[in-house]
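Keep the structure open while reading.

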Amino acid sequence: EYQFRRDGNNSHLGRDPQKMDRVSYFMADVGGFYYGKNHPMKPHRIAMAHNLMLAYGLYKKMEVYRPRKALPEEMRAFHSEDYIDFLRRVNLDNCDSFTKELARFNVGRQGGDCPLFDGLWDFCQMSAGASIDGARKLMAGTSNIAINWSGGLHHAKRSEASGFCYVNDIVLAILEMLRYYPRVMYIDIDIHHGDGVEEAFYVTDRVMTLSFHKFGDMFFPGTGDIWDKGVGVGEYYAINFPLKDGIDDESYREVFQPVVNKAIEKFQPSCIVMQCGADSLAQDRLGLFNLTTRGHAACVAHIKSFGIPMLMVGGGGYNIRSVARCWVNETAVAVGEELENRIPYNDYWEYFAPEYNLHVERTNIENMNSREYLDNLKVKVMEHLRFLDAAPSVQMQEIPPSIFDPYASDDDDDEDPDVRPTRKEEDARQHPNSFFDGDKDQGFEKES
């Protein structure tokens, strides 16, 4: 079995997977945003997932945070200044003054993927802020798993919205991680190729991107062929596994586990970002895979088993009932709980009628991925990985300061920089309204 090798003095890496996980859950309040009538992206699905998490009592097993909004300066770590300035300024009332910019940045086009909607900038800030702060929780060693279901917007480009995505929270989180971690691995199980993330790190060997997705038949975004493998020093650090319609749990597992195992063995990541797009589930409105929630969650459980710090983010998913089921189940995987299949009563109870069950089952669509096809792909991917002689070494120096320091205070100058604060001192710095840590905070207090 793979044993993770520590890097430098990162003593919290490579922990024993059998030990209890410390999970941070970022509960971004994005459920009220509305992309528009007939648009398949429904942020409401995230509110449903949060509500299921509360109904199942999983909040008792985690630290639950209301994320702050990312600063424009943080978003400019990846996105261009003029694009971020445009997103800050444009709204439904003044959009007639931004005709050229709307076309240039692919926002608000008639019938386009990325509409201009009320609160767009707030939505981007919340999603990005949660992923960036999730990365910081891992870097600080105060959590070994962080979850942001409002994130995973993997199509956004440096200066362009794409595929329902405006700000690429994943790239921003990885850039933050690279200030501290020598190597970061990105794993994507959305049905769509994670093109925005791959493109951002296509020429570096410090980030390995690994994507399992549908390819061909003019399927969006049209990238992610087996031969797309990075360039320059980044050659062979972009790994793509293009799949066909109808893949089921068994076939997916047979390719996912060996490829991931070999990639982790060769790359030796210090941290993993996992995009858990739920449009790879059966019964999705846009996707044509045939995974169950059990098969989807098995991928998360497999990555968790390595004991490497992990940021879990959301992504696609256009059957809102399936998305909520999927992500609450994978939250349970993160905290080591197994949920009852019967969904407990919650604010969205009638959405889950008539069966009121947690798990999404497969359908009878044909699996177009033959064993021969999958085996041939697996051989090619393994050949690419064999070109990686060893994990790239990085000379790590003093960590540069963050743009935003959530722990900064006027008293910081009086502290000894060589003494790490205790857990009690660190908790004391948390704003009392920033997270929930008990029944009372959730509005479930008992009447006296």
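The model is a predicted one. Two of these partners return below: Ile 46 in the contact of α1 with α10, and Ser 127 in that of α5 with α6.

**Ser 150**
- Ser 150 sits in the loop that runs between β3 (145-148) and α6 (169-177).
- Its relative accessible area is 3%, so Ser 150 is buried, the cut-off being under 20%.
- Its side chain makes a polar contact of 2.6 Å with the side chain of Asn 148.

**α5 and α6**
- The axes of α5 and α6 are 8 Å apart, at an angle of about 25°.
- The two helices are therefore roughly parallel, as angles under 35 degrees count as such.
- The crossing of α5 past α6 is right-handed.
- On the α5 side, the contact residues are Ser 127, Ala 128, Ser 131, Ile 132, Ala 135, Arg 136, Leu 138 and Met 139.
- They meet Asp 169, Leu 172, Ala 173, Glu 176 and Met 177 of α6.

**α1 and α10**
- Helix α1 (residues 44-55) packs on helix α10 (residues 320-335) at about 45°, with the axes 8 Å apart.
- This angle makes α1 oblique to α10.
- α1 also passes α10 in a right-handed crossing.
- From α1, the contact involves His 44, Arg 45, Ile 46, Met 48, Ala 49, Leu 52 and Met 53.
- Among the α10 residues in this contact are Ile 320, Arg 321, Trp 327 and Thr 331.

**α3**
- Tyr 83, Ile 84, Phe 86 and Leu 87 are the buried residues of helix α3 (residues 81-89).
- They fall within an arc of 155° seen down the axis, so they line one face of α3.
- These buried residues pack against α2 (72-75), α4 (99-104) and α5 (120-140).

**Backbone geometry**
- Most residues other than glycine have a negative phi, and most peptide bonds are trans.
- Phe 220 and Pro 221 are joined by a cis peptide bond, with omega about 0°.
- Pro 221 lies in the loop between β5 (207-214) and β6 (238-243).
- Ala 353 and Pro 354 are also joined by a cis peptide bond, with omega about 0°.
- Pro 354 is in the loop between α10 and α11 (371-386).
- Phe 164, not a glycine, has a positive phi of about 75°.
- Phe 164 belongs to the loop between β3 and α6, and is buried at 9% relative accessible area.
- Gln 283 has a positive phi near 70°.
- Gln 283 is in the loop between β7 (271-275) and α9 (293-304), and is partly exposed at 44% relative accessibility.

How values were computed. Residues numbered from 1 in each chain as written. Predicted model: local features only at pLDDT ≥ 70, side-chain atom pairs only at ≥ 80, totals over all residues. Heavy atoms only, no water. Helix = DSSP H or I, 4+ residues; strand = E, 2+ residues; numbered from the N terminus. Buried < 20%, exposed > 50% of the residue type's maximum accessible area, 1.4 Å probe, protein only. Polar contact = N/O pair within 3.5 Å; in protein donor to acceptor, adjacent residues only side chain to side chain. Arc of directions from axis to C-beta. Contact = heavy atoms within 4.5 Å. Axes fitted to C-alpha atoms, helices over the stretch in contact; angles between N-to-C directions. Parallel < 35°, antiparallel > 145°, perpendicular 65-115°, else oblique. Left-handed = near helix turned anticlockwise from the far one by under 90°.
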